[in-house]
Amino acid sequence: MTTNTLKLRDYQELVINQTYQSFDCGLCSVLLYAPTGAGKTIIASKIIADYVRVGKRVMFLVHRGKLVRQTLDKLSKFFGIDAGVIWGDYYTPDYSKPVQIAMLQTIRNRELPPNIDLVILDEAHTGAYFKIWSQIMDYYSGGIWVLSKTQFLGLSASPWRAKSDQGYCQYFQTIVKAPYPNELISKGDLCRARQFGYTHLIDESKLKVVDGEYTEKSMANVCTPALNTEIIKLYLEKDQDIKRKLIAFCATVKQAEDLAHQFNLVGVEAKCIVGETPETEREEVFNKFSIGDIKLISSCNVLTEGFDEPTVTAVLVCRPIKSLALWVQITGRGLRIHKDKDDCWFFDFCGNIDRLNLPTDPHELSLCPNPKPLKVTSTKICPECDSTIAFYERYCPHCGHMFDSISKKAAAASTKRKFEEILSPEQQKQVKFIKARAINAYNDRKPINIEKEFYNKFDYLMPEEWYEGLIFNANDKTWTAALQHYWRYLLQVNQDPNSIKTRATIEKCIEREFKSDIQSKLSNLDVVFEEEKNKKIKNIISYQPWWVILGHSKPIDADSIQIAYTRIKGICQLRYAPDNDTITAYAELFDMAVTEGIEYHTIDSETIDKHVHNIKNNIQNGAFKFVSQYILNLSQSARERVWVYLTKEEKAAYRNWKERFGEMPTQQHTVKTVDAKPTVAPPVLKTELKPAPKAMPAPTPEHSAYKNETAPKPNTNIPQNIYVQSFANNTNTDKVEKNLFLKGGLQLTLFPETEAEKAINDVINPLRLGVDDWVKGNNPKRSNYNHEGRIVKIHPSDKRLCYVDFQKLNRCWCRLVDLKRAD
């Protein structure tokens with residue numbers, strides 16, 4: 001007999017080999033997970049053919065008639081195997097054939113075939129709980145399953161039980177896993193999915209749960225003809241011309257019949273299939289649906305298993321679902337690929353996405369019962385295409401719409417510590433107090449002196465161990481993501497983070513917050529030499545710029561940011577699936593990197609060129625103090641871009657000058673760390689327990705950093721929370737000058753315009769525009785061109801920008817260089 005060549009996908013070959021390895025290790029029962037559309041019948045057929053090739057006998061158990069024909073077709077088409085069939089009156093059994101395909105409903109009333117070497121159970125999540133399965137395992141094993149010479153293989157796309165106290169460990173010894181749906185979609189082995197979720201269409205308070213699923217009677221109370229009418233209305237809003245081929249899953253036979261009837265009334269050819277529908281009639285409906293004569297099939301408990309029509313392009317879930325297994329089976333019906341199909345739309349009309357996650361989300365797999373409730377990923381609606389997507393997505397995967405950045409907020413948690421210290425009730429209150437203060441400061445992006453706060457409140461120094469995990473609830477997988485958020489916070493609240501003193505304080509904060517995670521990573525590094533370990537751990541805990549977070553070694557252009565984001569997020573999802581908490585933590589980190597990347601490219605090249613020109617000239621002339629002051633006025637993104645354009649010699653000269661005065665320059669790829677770990681005492685506390693000293697008084701005029709200038713009065717509204725003393729300077733003038741730029745000291749903007757400020761303003765605000773000035777848009781590319789308005793505010797953190805109340809356009813932000821004074 002001539003046979004076609006069967007080409008397996010890489011993951012299919014992998015799971016087959018892993019199954020054989022499990023049997024070779026002495027195990028006799030294996031559960032193989034492969035999502036709907038991953039090719040379970042192909043996998044089973046290849047395993048059957050391999051066994052037949054070496055002279056062994058196989059029995060393949062199914063409980064749907066369609067699966068009998070599919071398996072017969074695959075075995076004959078690709079392997080030339082003529083199998084025997086045990087199925088009611090449809091076939092005459094022939095036990096002499098090496099392969100027997102049997103219906104579970106039939107085999108329980110028949111004699112079992114003799115000398116079977118492998119029993120394969122399809123849809124094992126259901127079949128394993130049929131009484132006949134235990135009887136079959138008893139028969140071929142002699143009653144002792146673990147010593148059975150006959151091997152048992154279960155196949156399932158949804159190995160989850162509705163009851164939390166049920167599992168599969170009593171039937172199978174191990175589980176072999178194919179990739180999750182989202183990974184197969186990224187490989188192109190399943191089609192892309194779009195989700196549309198609707199809530200509040202039914203009254204969920206009327207639903208009752210028995211054996212892990214909603215009762216049919218309670219669902220009948222909410223899945224009414226009125227709901228069907230609303231379903232049709234909502235669907236036609238998305239697909240007015242009915243270009244898609246639909247299958248609908250209903251709660252009751254009555255609802256399924258009514259839904260088909262209502263679709264027919266609006267001109268959509270629809271048929272209903274239920275459990276009592278004859279097999280011949282089903283096949284006729286399936287054939288007409290396949291060629292497009294029928295546009296919709298509605299059903300009740302029929303299409304959930306064994307229906308493998310790849311031309312389905314829309315799935316309507318018209319009933320509430322409690323069971324994860326049923327949800328996965330239903331939604332998997334639309335994910336098969338087809339040459340005329342780009343994607344599949346999923347319509348959830350009963351709040352199931354909020355209850356059970358997106359259809360393509362990975363879920364934890366375990367043979368043992370899992371009493372833990374399902375962790376649900378929050379979702380949001382894309383305003384461009386109305387798709388329901390995970391809330392952490394920065395770009396909609398369906399239309400590319402970019403959302404506003406998700407701000408990373410720390411969340412308060414219990415006062416349970418990672419170490420084994422048992423806290424008294426009073427100590428728990430103290431930890432809770434300082435934790436709340438630290439988290440609020442982080443979320444509000446305000447500086448905080450934790451040592452001082454704790455000491456002032458409780459009159460003693462906080463134990464070193466209590467600093468660990470004070471802000472972040474990170475675990476061994478997410479702490480490196482939290483660390484990068486913490487870096488940015490610490491850099492933001494310190495005016496000059498490049499001084500050695502400030503940087504040492506920042507590093508100490510990081511080492512305190514993530515102490516156990518760092519120590520664990522250090523001990524697990526597969527490196528012999530201690531020096532190499534320290535070097536690696538420094539790289540892990542160092543600051544990473546946005547392009548490194550997005551997986552690149554140098555800045556990428558603006559057009560590549562979305563591509564890099566999609567790629568790195570996909571890698572993260574594959575690595576950490578189905579751990580939604582970890583995926584969310586890293587998605588927030590990638591979101592932050594995208595925001596920084598966009599800001600990085602916001603500054604136009606002409607402005608950067610002027611900054612680079614000013615800095616290069618002054619480095620060449622040895623005016624390093626001017627360069628240091630100049631850089632302090634640039635945003636972090638501008639500093640990063642400028643640093644790229646400096647030569648190695650210029651960077652080295654500037655770095656040497658900064659190190660000479662006890663400081664470090666802003667670096668492009670990683671933040672430089674000091675080799676020695678200096679002991680940093682609390683900024684305002686000495687070793688003896690004394691109240692914190694008052695903040696340093698403002699410099700007097702004779703100590704002004706600028707000659708022929710009178711120092712202004714100190715600004716008492718500026719917080720004095722962080723005071724970092726300047727290091728290693730030879731003159732009082734230098735000391736005062738450095739302190740002028742520290743958090744809590746005097747702000748540079750209080751002084752008349754200096755040489756450094758003048759150079760910058762010549763670039764970013766050449767007209768010296770300010771609040772209350774009347775201006776006109778002067779950039780033909782902007783919508784405000786020639787429109788008149790008044791400047792109401794200068795951007796608080798980016799001096800290039802201002803907010804203008806235009807008479808016709810309302811308030812919007814503008815670059816100062818894009819404005820001119822009004823006539």
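Biologist: In which helix is the place of Asp591?

Modeller: Asp591 belongs to helix H22. Bear in mind that this is a predicted model.

Biologist: What makes Asp591 count as buried or exposed?

Modeller: Its relative accessible area is 0%. Buried means under 20%, so Asp591 is called buried.

Biologist: Which residues does Asp591 touch?

Modeller: Setting aside residues up to four places away in sequence, Asp591 touches Arg394, Asp404, Ser405, Ile406 and Tyr565.

Biologist: How do you know whether Asn580 is buried or exposed?

Modeller: The relative accessible area of Asn580 is 11%. The limit for buried is under 20%, so Asn580 is buried. Asn580 is also in H22, which covers residues 580-602. Beyond residues up to four places away, Asn580 touches Asn357, Lys375 and Thr377.

Biologist: How do you know that the span of helix H23 agrees with its number of residues?

Modeller: H23 has 16 residues (605-620), and at 1.5 Å a residue they should span 22 Å. The expected span is 1.5 Å times one less than the number of residues. The end C-alpha atoms are 22 Å apart, so the two values agree. Among the buried residues of H23 are Ile608, Val612, Ile615 and Ile619. After H23 comes Gly622, with a positive phi near 80°.

Biologist: Why are S3 and S7 said to stand at the edges?

Modeller: Their open sheet has seven strands in the order S3-S4-S2-S5-S6-S1-S7, with parallel pairing. S3 (84-86) and S7 (174-177) each have a single partner strand, so one side of each is left without a neighbour in the sheet. Neighbouring strands there are turned by 20° against each other on average, direction ignored.

Biologist: What makes S2 and S5 a pair?

Modeller: Strands pair if at least two bridges are found between them. S2 (residues 58-62) and S5 (residues 118-121) have four bridges, in the parallel sense, so they count as a pair. In S5, Leu118 is the bridge partner of Val58.

Biologist: What is the strand order in the open sheet of six strands, and which strands are at its edges?

Modeller: The order is S8-S15-S14-S11-S13-S12, again with parallel pairing. The edge strands are S8 (192-197) and S12 (270-273), each pairing on one side only. Four bridges join S11 (residues 246-249) to S14 (residues 314-317), and Ala248 stands opposite Leu316 in S14.

Biologist: Which strands does helix H9 lie across?

Modeller: H9 (residues 225-238) lies across S8, S11, S14 and S15, running at about 150° to S15. Helix H12 (residues 324-331) lies across S11, S14 and S15, at about 150° to S14.

Biologist: How many helices and strands does the chain come to?

Modeller: There are 28 helices and 22 strands. Of the 823 residues, 53% count as buried.

Technical notes: Residues are numbered from 1 along each chain as its sequence is written. This is a predicted model: local features need pLDDT of at least 70, side-chain atom pairs count only at pLDDT 80 or more; totals for chains, interfaces and linings use all residues. Side-chain values use heavy atoms; hydrogens and water are left out. Helices (H or I, at least four residues) and strands (E, at least two) are DSSP runs, numbered from the N terminus. Buried means under 20% relative accessible area, exposed over 50%, partly exposed in between (1.4 Å probe, protein chains only). Contact means heavy atoms within 4.5 Å. Axes are lines fitted to C-alpha atoms, for helices over the stretch in contact, and angles run from 0 to 180 degrees between N-to-C directions.
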